[in-house]
Amino acid sequence: MKDEKYEKIPNWKSDFPIERKEATHVSRREFAKYLGLLSGALAIGNGGIVIKSLYFPAEELKGEHYVCNQSDVPVGEMFQFSIEGSEIIPYILIHLEENEWRAYEQKCTHLACAVRYRADLDKIECPCHKGYFNPRTGDVLQGPPPRPLPQLEVVLKENQVFVKAKEPNKIV
Ligand code: FES
């Protein structure tokens with residue numbers, strides 16, 4: 001014979017009358033609601049990025065800025081740097097050939113992932129969605145990026161490398 005004391009339903013169960021099976025079940029409606037909320041949040045986030053880049057463009061760089069010594073970056077290598085006063089924008093300096101240098105913003109024009117120079121491919125690669133850019137012009141070669149990488153002009157002085165804002169339509 002069973003002891004009645006153990007068959008009695010505990011108080012907490014009557015306060016929370018949910019069976020374990022029901023607790024882990026997610027209905028189709030709940031799942032669709034979750035997906036809808038998630039998609040909405042992503043759309044708002046992307047819209048914010050687009051509005052920010054259209055209406056609040058980055059301030060134009062003024063003057064020349066020292067980056068490094070030429071001997072710090074061998075041919076085929078990339079050097080990551082930031083400019084004092086605008087540290088939120090990362091840049092890359094690429095030493096393509098002897099006396100051939102390029103500098104770009106490091107943020108991919110698709111969704112702002114950090115791009116990197118791949119000497120083995122002779123391309124700038126965005127690893128997030130396999131976007132590729134021409135390392136000589138910054139133009140998009142392949143993948144989802146909608147625009148070329150913003151470019152800086154490289155100025156060489158003795159053994160030093162400087163960058164400055166690129167004049168519109170000037171081919172470096
Ligand atoms: S963020 Fe660069 S390709 Fe998507």
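## Basis of the description

Because the model is predicted, local features need pLDDT of at least 70 and side-chain atom pairs count only at pLDDT 80 or more, while totals for chains, interfaces and linings use all residues. Residues are numbered from 1 along each chain as its sequence is written.

Six strands make up an open sheet in the order 1-10-9-4-3-2, and their pairing is antiparallel. At the edges lie strand 1 (65-69) and strand 2, each of which pairs on one side only. From one strand to the next the twist averages 30°, where axes are lines fitted to C-alpha atoms, for helices over the stretch in contact, and angles run from 0 to 180 degrees between N-to-C directions. Strands here are DSSP runs (E, at least two residues), numbered from the N terminus, and two strands pair if DSSP finds at least two bridges between them. Strands of a sheet pair through backbone hydrogen bonds, either parallel or antiparallel.

Strand 2 (residues 78-83) and strand 3 (residues 86-97) run antiparallel and are joined by 5 bridges, with Ile-83 standing opposite Ser-86 in strand 3. These two strands form a hairpin with 2 residues between them, and Gly-85 in the turn has a positive phi of about 95°.

Strand 3 also pairs with strand 4 (residues 100-105), in the antiparallel sense and over 6 bridges. In this pairing Ile-94 stands opposite Arg-102 in strand 4.

Arg-116 lies in strand 5 (residues 116-118). This residue is partly exposed, because 15 other C-beta atoms lie within 10 Å; a residue is buried if 20 or more other C-beta atoms lie within 10 Å of its own, exposed if 12 or fewer, and partly exposed in between, with C-beta atoms placed from the backbone.

Leaving aside neighbours within four places in sequence, Arg-116 is in contact with Met-78 and Glu-125, contact being defined as C-beta atoms, placed from the backbone, that lie within 7 Å. The C-alpha atoms of Arg-116 and Phe-133, which are 17 residues apart along the chain, are separated by 9.8 Å.

## Two loop residues with positive phi

Most residues other than glycine have a negative phi. Ala-112, in the loop between strand 4 and strand 5, has a positive phi near 70°, and it counts as partly exposed because it has 14 C-beta neighbours inside 10 Å.

Lys-130 lies in the loop between strand 6 (123-126) and strand 7 (131-133), and its phi is also positive, near 55°. With 10 C-beta neighbours inside 10 Å, Lys-130 counts as exposed.

Note on methods
Helices (H or I, at least four residues) and strands (E, at least two) are DSSP runs, numbered from the N terminus. Two residues are in contact if their C-beta atoms, placed from the backbone, lie within 7 Å.
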